[in-house]
Amino acid sequence: DEFQAMPASQVEKLNRLGKNFNLKYRAKLNIDRENNIIEILDMPYRVDFDAIKDKILTEVKERNNVILSGIINFTDNPDPKRKGFHIFKLICKKDANMLEIVDQLYNKTQLSTSMPLSFMLFAGKYIIRMSFKDIILKWYEVQTDVIRRKFNYYLSDTQNRIHVLEGLVLVYDKMDAVINTIKSSSDKESCIAALVKKFGLSMVQAKGISEMQLSSLTRASKPSLLSSIKMLRDKIKELEDKLEDTDKVIIDNLLMMKEKYNRPRRTD
């Protein structure tokens, strides 16, 4: 009640001052009184049924839990309404108190669990206490850095490709001489040096042309080269726009994830 009545900003503030809060969540259960069955419709996050079953057996055998001993069998059935989901059934004795069993399941097993709203995590150089908001902010910083690195790499690579294509346009009318120079060079270094000296290419252009297959050099046409350059320049404009607004890239990625994985909460 204290948590529900408190605004998130107040929880965040108290969290930073050292007050602990836990987020509690538990499986969805359904009691089938007619057949004396307790159905587990949805498991808590990162909890599997085998762990629950083992815990029930431990409670009954080692701790003499009379209430949970009312469970006499387990079944695992595919959910007919939801593809890929399962309903786990706990079959109970006819005279078992179903409500008491449910209460014990929540108290003694991971069908009811919790997670803290603050964590001791490694962030940069230090291990620090972080709240959910801190974690989201750190995630945002990492995402921004990754996006900037990725698009700067793409930008640099695209600019280099344009530069090489411009070199091909420059020597287009001398392509036979370029191919002969490549064929007659004894090694890669001498080939690059010869292309720079003979045709006025830059080192980047000479290196790029020397690494191309000769068949692709002979097939290249000036209109296709100019068209490729234009297409790559448009791509540079697109990359520069994304670098200018990394927040939009993050939001677009999140919306895509939401569309792909969106579903209602399955546990309470």
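**Pocket lining.** I began with the residues that line the largest pocket of this predicted model, and sorted by type they come out as eleven nonpolar, three polar and seven charged. The lining has 21 residues, and I noted that Y25, Y45, R263, R265 and T267 are the ones that lie nearest the centre of the pocket. When I asked which elements give two or more residues to this lining, I found β1 (22-26), β3 (37-42) and β5 (86-92). For the volume of the largest pocket I wrote down about 690 Å³.

**Strand pairing.** As one example of residue pairing, I38 has L90 in β5 as its bridge partner. I then turned to strand β4 (residues 71-78), which is joined to β5 by seven bridges, again in an antiparallel arrangement. Here I noted N73, whose bridge partner in β5 is I91.

**Nonpolar cores.** Next I looked up the largest nonpolar core, which has 29 residues, and I listed L168, V178, I182, L195, L201, I209 and L217 as those with the most contacts inside it. The elements that give two or more residues to this core are α4 (132-170), α5 (175-184), α6 (188-199), α7 (203-210), α9 (222-244) and α10 (246-261). Of these, α4 gives the most, with seven residues. I followed V178 in particular and, not counting residues up to four places away in sequence, found that V178 touches V171, L195, F199 and I209. Apart from this core lies another, of 20 residues, and I noted M43, I56, I101 and L111 among them. As background I kept in mind that nonpolar side chains tend to be buried together in soluble globular proteins.

**D134 in α4.** Is D134 buried or exposed? I looked this up for a charged residue of helix α4, and the relative accessible area of D134 is 15%, so D134 counts as buried, the cut-off being under 20%. Which residues is D134 in contact with, leaving aside its neighbours within four places in sequence? I found E12, R16 and R129. Finally I checked the spacing between D134 and F119, which are 15 residues apart in sequence and, C-alpha to C-alpha, 9.6 Å apart in space.

Note on methods
Residues numbered from 1 in each chain as written. Predicted model: local features only at pLDDT ≥ 70, side-chain atom pairs only at ≥ 80, totals over all residues. Heavy atoms only, no water. 1 Å grid on protein atoms, 1.4 Å probe; cavity = no way out; pocket = protein on both sides within 12 Å on 5 of 7 lines; lining within 4 Å. Points joined across faces, edges and corners; volume = space filled by probe spheres on them. Helix = DSSP H or I, 4+ residues; strand = E, 2+ residues; numbered from the N terminus. Core = buried A, V, L, I, M, F, W, Y, C linked by side-chain atoms within 4.5 Å. Buried < 20%, exposed > 50% of the residue type's maximum accessible area, 1.4 Å probe, protein only. Contact = heavy atoms within 4.5 Å. Pairing = 2+ DSSP bridges.
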